[in-house]
Amino acid sequence: MDIPWRFKCLMAWHYLSKTFAKGDPKIRITKKGSGADAILFLLPADAVNAQIAAYFVKRDLEKETRTIRYVVHQSGLIYYPEQLKPSIITYNDKDLNWWGVIANPSVLDRVKSVRYDAMVDLNQEFHPAMAMMILELEIPIKIGFQSDLADKLYSLIIQRADSGFFENNYHTIEQILGLS
């Protein structure tokens, strides 16, 4: 994975500025737990990964009692079902600053308007805008796939399936969040 130098500079600044911040909260996951009440999904925008993610996030929203929001680049919106669109927060290239980070206050305010219990990054590829959002959001459970930066971004890391069967990875995520 090639990490742009701009993002490396941002990460260094982020960690220098957060050095004296409070420690990470402790999280306990049990079999008897009810799962997360508010979940933020970061969705892929490329055709192949978006179609897989769309299958995973397609839920019966009329019966859903949890608060679930989705963030995706505008170009990937076409891959997701209509029933999800009221819960999807989109951004486009004009919302990114020179560093490649989402800087549009209206997009950031919509994302931060809910206090999330968990965040799931379903992107298989590195996206600076999403990675910086993950760093900035104070969410206790951050789940994502193994990558070079996974240790710095996520509190729970899912190993990628070597066989190409992503369903097992998504099933693991559903179990952790109490969605299954």
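Which residues of strand 5 point one way and which the other way, and are they buried or exposed? Ile141, Ile143 and Phe145 point one way, Lys142 and Gly144 point the other way, and all are buried.

## Basis of the model

This is a predicted model, in which local features need pLDDT of at least 70 and side-chain atom pairs count only at pLDDT 80 or more, while totals for chains, interfaces and linings use all residues. Residues are numbered from 1 along each chain as its sequence is written, and side-chain values use heavy atoms, with hydrogens and water left out.

Strand 5 covers residues 141-145, and five of its five residues are buried. Buried means under 20% relative accessible area, exposed means over 50%, and partly exposed lies in between (1.4 Å probe, protein chains only). Strands (E, at least two residues) and helices (H or I, at least four) are DSSP runs, numbered from the N terminus.

Strand 4 runs parallel to strand 5, and three bridges join them; pairing requires that DSSP finds at least two bridges between two strands. Within strand 5, Lys142 has Met119 opposite.

## Nonpolar cores

A nonpolar core is a set of buried Ala, Val, Leu, Ile, Met, Phe, Trp, Tyr and Cys residues joined through side-chain atoms within 4.5 Å. The largest has 30 residues, of which Phe7, Leu40, Leu42 and Val71 touch the most other members. Two or more residues each come from helix 1 (5-17), strand 1 (38-42), strand 3, helix 3, helix 4 (128-136) and helix 5 (150-153). Helix 4 gives the most, with seven residues. A second, separate core has 28 residues, including Ile39, Ala53, Leu122 and Ile143.

Leaving aside residues up to four places away in sequence, Phe7 is in contact with Phe126, Pro128, Ala131, Met132, Leu135 and Leu149. Contact means heavy atoms within 4.5 Å.

## Two loop residues

Val114 lies in the loop between helix 3 and strand 4 (118-121). Val114 counts as buried because its relative accessible area is 19%. Beyond residues up to four places away in sequence, Val114 touches Ala38, Thr67 and Arg69. Val114 and Leu40 are 74 residues apart in sequence, with 9.1 Å between their C-alpha atoms.

Trp98 is in the loop between strand 3 (88-91) and helix 3 (105-112). Trp98 counts as partly exposed because its relative accessibility is 49%.
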